[in-house]
Amino acid sequence: MASLLELQKDLEEVKELLEKAARKRVRDVLYVEQRKLETEISKQQQAKDSAEVQKPSAIVLPMSSSYTVKINNYGWDQSDKFVKIYITLNGVHQISAENVQVQFTERSFELSVKDLNGKNYTMTVNNLLKPITPETSSRKVKTDTVLIMCRKKAEQKWEFLTQVEKQTKEKEKPSLNTDDDPSAGLMNVLKKIYDDGDDEMKRTLNKAWVESREKQLLGADMGF
């Protein structure tokens with residue numbers, strides 16, 4: 001069994017890794033390991049306190065009561081120059097501004113809020129839809145809110161905040177293949193080709209459609 005000191009060192013290293021980890025699966029694994037270490041440290045600390053109850057001079061290492069919460073809820077909008085992300089955190093305006101930090105890269109940002117009501121908070125957004133300018137991006141702390149302002153590299157409208165959101169929405173579009181109605185599937189394919197095609201492609205499809213309708217009408221008139 002590892003000693004209490006070794007467990008505490010392990011816990012500190014896990015916390016450092018959590019601050020650096022960006023991928024959800026990695027962070028989830030580290031969270032589980034953090035909980036295990038904190039539980040084992042608590043058990044050993046209680047055992048040590050019971051064994052040394054007759055030794056008031058014994059030094060007991062203090063344990064931190066804070067833990068890290070991952071932020072998943074936020075709102076966002078945009079102007080011509082900025083994408084603005086709003087995160088609600090009760091009481092955040094009452095802590096030191098130094099405890100609220102944001103690290104920006106060209107396609108991501110990471111928010112870190114330390115020691116807010118006994119908890120640490122973190123939020124990482126990767127794969128932003130378009131590039132931003134880290135040097136002119138910033139954060140503002142308002143009443144119960146952190147506002148992150150990402151300066152757009154190009155003054156273009158963003159349809160989504162991240163590439164993942166864009167891909168998710170595209171996957172939710174109806175499939176072009178329809179097993180229950182093959183003709184409907186064919187029409188969807190033709191519509192997709194028409195919508196994505198250039199003017200020449202659209203003229204070709206229109207011509208083919210008109211000729212097909214004329215043949216159908218002619219066949220009906222002749223009793224076929």
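Guide: Let us go through some terms, each with its cut-offs. This is a predicted model, in which local features need pLDDT of at least 70 and side-chain atom pairs count only at pLDDT 80 or more, while totals for chains, interfaces and linings use all residues. Residues are numbered from 1 along each chain as its sequence is written, and side-chain values use heavy atoms, leaving out hydrogens and water.

Visitor: Why is Ser137 called buried?

Guide: Buried means under 20% relative accessible area, exposed over 50%, and partly exposed in between (1.4 Å probe, protein chains only). Ser137 has 9% relative accessibility, so Ser137 counts as buried.

Visitor: Where is Ser137 found?

Guide: Ser137 sits in the loop between β6 (119-125) and β7 (138-142). Strands (E, at least two residues) and helices (H or I, at least four) are DSSP runs, numbered from the N terminus.

Visitor: What makes the pair of Ser137 and Arg151 a polar contact?

Guide: A polar contact is a pair of N or O atoms within 3.5 Å; within protein, one must be able to donate a hydrogen and the other to accept it, and residues adjacent in sequence count only if both atoms are side-chain atoms. The Ser137 side chain reaches the backbone nitrogen of Arg151 at 3.0 Å.

Visitor: Is Asn117 buried or exposed, and how do you know?

Guide: Asn117 has a relative accessible area of 61%, so Asn117 is exposed. Asn117 lies in the loop between β5 and β6, and its phi is near 55 degrees, a positive value in a residue other than glycine.

Visitor: What makes Thr162 buried?

Guide: The relative accessibility of Thr162 is 7%, and therefore Thr162 counts as buried. Thr162 lies in the loop between β8 and α3 (163-171). A polar atom of the Thr162 side chain lies 3.1 Å from the backbone nitrogen of Glu165.

Visitor: Which residues is Thr162 in contact with?

Guide: Contact means heavy atoms within 4.5 Å. Leaving aside neighbours within four places in sequence, Thr162 is in contact with Val125, Asn126, Asn127, Leu128 and Leu129.

Visitor: What makes a group of residues a nonpolar core?

Guide: A nonpolar core is a set of buried Ala, Val, Leu, Ile, Met, Phe, Trp, Tyr and Cys residues joined through side-chain atoms within 4.5 Å. The largest one here has 25 residues, and Ile85, Leu89, Phe109, Leu111, Val113 and Ile148 touch the most other members. Strand β5 gives the most to this core, with four residues.
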